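The following paragraphs go through one protein chain, from its overall make-up to individual residues. Please keep the sequence and the coordinates at hand while reading.

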Amino acid sequence: MDSEELKTNEEVITGRDSIRERVVRGSYGDELYHFLMSKGDLHANDTVVLSTSRAFNIAIQPLIHYRMIVNLHKMNDVRRLCRFFAGANKKLSQGGLLICCLETAAQRRRRILRKFPPGLNHLYYFGDYLLKRVFRDLHVTRWFYHFLFAGRNQVIDYYEAIGRLTYCGFKVEAEKSSGDLLYIVARKMGEAPEEPREQYGTLLAMNRIGQNGQVVKVYKFRTMVPFSEYVQGQLYEKNHLGKGGKFSNDRRITRMGAFLRKFWIDELPMVINLFKGEVKLVGVRPLSPQYLSLYEPAVAERRVKVKPGLVPPFYADLPQSLKEIQQSELKYIEQWENAPFKTDVRYFFKAAWNILIRGARSH
């Protein structure tokens, strides 16, 4: 990168002085520049620095593979974000770095509440979130969001961004807040999907491990931000599990999702699986491959031999840790193998008591 050219908007940024100028602009002096340089030489021939919201501008770069791609344009303006990440993945060598940035939903909220007078700021924030997050996600209103904003300036939650990166073959290694943006350093660990998905509907069909290890589509109403399931392994590495085998203060859950879980509304679509014969009324919960990987191998092998259920033994025993959950499920399986009907009836009424009287909530 020898030329001193700085192209505006969605182009490649070249030249030592131009790159440094663009990085420090709007940030805290040279701090961000030195952070990025600590991850790799921004001026190396196999590094490309861009400010773009289009995957096309990555695809047309002259080298077949780069060691590092830096995009200084916030991902909130990228309409097809997974396609963008997949394009970056294809241009990176294995183990290469993608450095990108976004304004997280939390940063956006702080900025809006700080910018406008009290009272008006909350009203503005409500309208902004409704139009640029809720309308963006709902199938019936998505067209209106794109009509108004052309896919730009969307509200993106932190865990959605991390989930999309993971889905597209990256592992997040470092983060840094600078100004009102969060910069994310992600390493290419695998290949991206050939046809990456972009949207989640309100009704989810999630891959779960059923009987004999077969993958079944389990239906639920979405209660978490999109692509949150791809963050599960990273959350476990950082936080492990709290009581009941859940992550403490799981911020992937949306406000509407918390309401749906509180009143069990999110579980209702699983009746579809019951009618299809993929689950029975009482049985071990169908788990995602990511969550099942947290189990002890012997327990995982034992539980996949039985058909999963709509009402799991969790609500009968109310275990407090992942270890206790596994013990609860093993106990249920052993009893069910000896007396299937009697065991399911007993567990069903015990679970009903805990849910209706003791207030056990959707897990």
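The model is a predicted one, and its secondary structure consists of 16 helices and ten strands. The C-alpha trace extends over about 80 × 50 × 35 Å along its principal axes. Contacts between residues 24 or more positions apart make up 66% of those with a separation of 6 or more.

Confidence comes next. The mean pLDDT of the chain is 87, with 90% of the residues at 70 or more. Over residues 1–9 the pLDDT is below 50, although this stretch has 29 contacts in the model beyond near neighbours in sequence. Where pLDDT is low, the predicted coordinates should not be read in detail. Among the elements, the lowest mean pLDDT, 66, belongs to helix 9 (residues 232–239), and the highest, 97, to helix 4 (residues 81–91).

Helix 6 (residues 120–137) and helix 7 (residues 142–149) have axes that come within 7 Å and cross at roughly 140°. Angles over 145 degrees would count as roughly antiparallel, so this pair, helix 6 and helix 7, is classed as oblique. On the side of helix 6 the contact is made by Leu131, Lys132, Phe135, Arg136 and Asp137, and on the side of helix 7 by Arg142, Phe144, Tyr145, Leu148 and Phe149. Sorted by class, the contact of helix 6 with helix 7 has six nonpolar and four charged residues, and no polar ones.

The other pair is helix 15 (residues 322–338) and helix 16 (residues 340–356), whose axes are 5 Å apart and which pack at an angle of about 135°. Helix 15 and helix 16 are therefore oblique to each other. Helix 15 contributes Lys331, Tyr332, Gln335, Trp336 and Asn338 to the contact, while helix 16 contributes Pro340, Thr343, Asp344, Arg346 and Tyr347. The class count for the contact of helix 15 with helix 16 is four nonpolar, three polar and three charged residues.

Which residues surround Ile99, leaving aside its neighbours within four places in sequence? Ile99 lies in strand 4 (residues 92–102) and is buried, with a relative accessible area of 0%. With those sequence neighbours set aside, Ile99 is in contact with Leu36, Lys39, Met68, Ile69, Val70, Asn71, Ile184 and Val185. Gln199 is 100 residues from Ile99 along the chain, and the C-alpha atoms of these two residues are separated by 23 Å.

Apart from neighbours within four places in sequence, Phe170 is in contact with Phe85, Ala88, Asn89, Leu92, Leu98, Leu165, Ala186, Arg187, Lys188 and Met189. Between Phe170 and Glu191, which are 21 residues apart along the chain, the C-alpha separation is 8.4 Å.

How many disulfides does the chain have? The count comes to zero. For Cys82 the closest cysteine sulfur is in Cys168, at 4.3 Å, which is too far for a bond, because a disulfide needs the two sulfur atoms within 2.5 Å. Cys168, for its part, is in no disulfide, and its nearest cysteine sulfur is that of Cys82. Cys82 is buried, at 0% relative accessible area, and Cys168 also counts as buried, at 0% relative accessibility.

Backbone angles are the last topic. Most residues other than glycine have a negative phi. Ala150 has a positive phi of about 55° although it is not a glycine. Ala150 is found in the loop between helix 7 and helix 8 (158–167), where it is partly exposed with a relative accessible area of 46%. Leu318 has a phi near 50°, also a positive value in a residue other than glycine. Leu318 is found in the loop between helix 14 (314–317) and helix 15. At 21% relative accessibility Leu318 counts as partly exposed, since buried means under 20%.

Conventions: Residues are numbered from 1 along each chain as its sequence is written. This is a predicted model: local features need pLDDT of at least 70, side-chain atom pairs count only at pLDDT 80 or more; totals for chains, interfaces and linings use all residues. Side-chain values use heavy atoms; hydrogens and water are left out. pLDDT is the predictor's confidence in each residue, from 0 to 100. Helices (H or I, at least four residues) and strands (E, at least two) are DSSP runs, numbered from the N terminus. Contact means heavy atoms within 4.5 Å. Axes are lines fitted to C-alpha atoms, for helices over the stretch in contact, and angles run from 0 to 180 degrees between N-to-C directions. Angles under 35 degrees count as roughly parallel, over 145 as roughly antiparallel, 65 to 115 as roughly perpendicular and the rest as oblique. Ala, Val, Leu, Ile, Met, Phe, Trp, Tyr, Cys and Pro count as nonpolar, Asp, Glu, Lys and Arg as charged, and the others, Gly among them, as polar. Buried means under 20% relative accessible area, exposed over 50%, partly exposed in between (1.4 Å probe, protein chains only).
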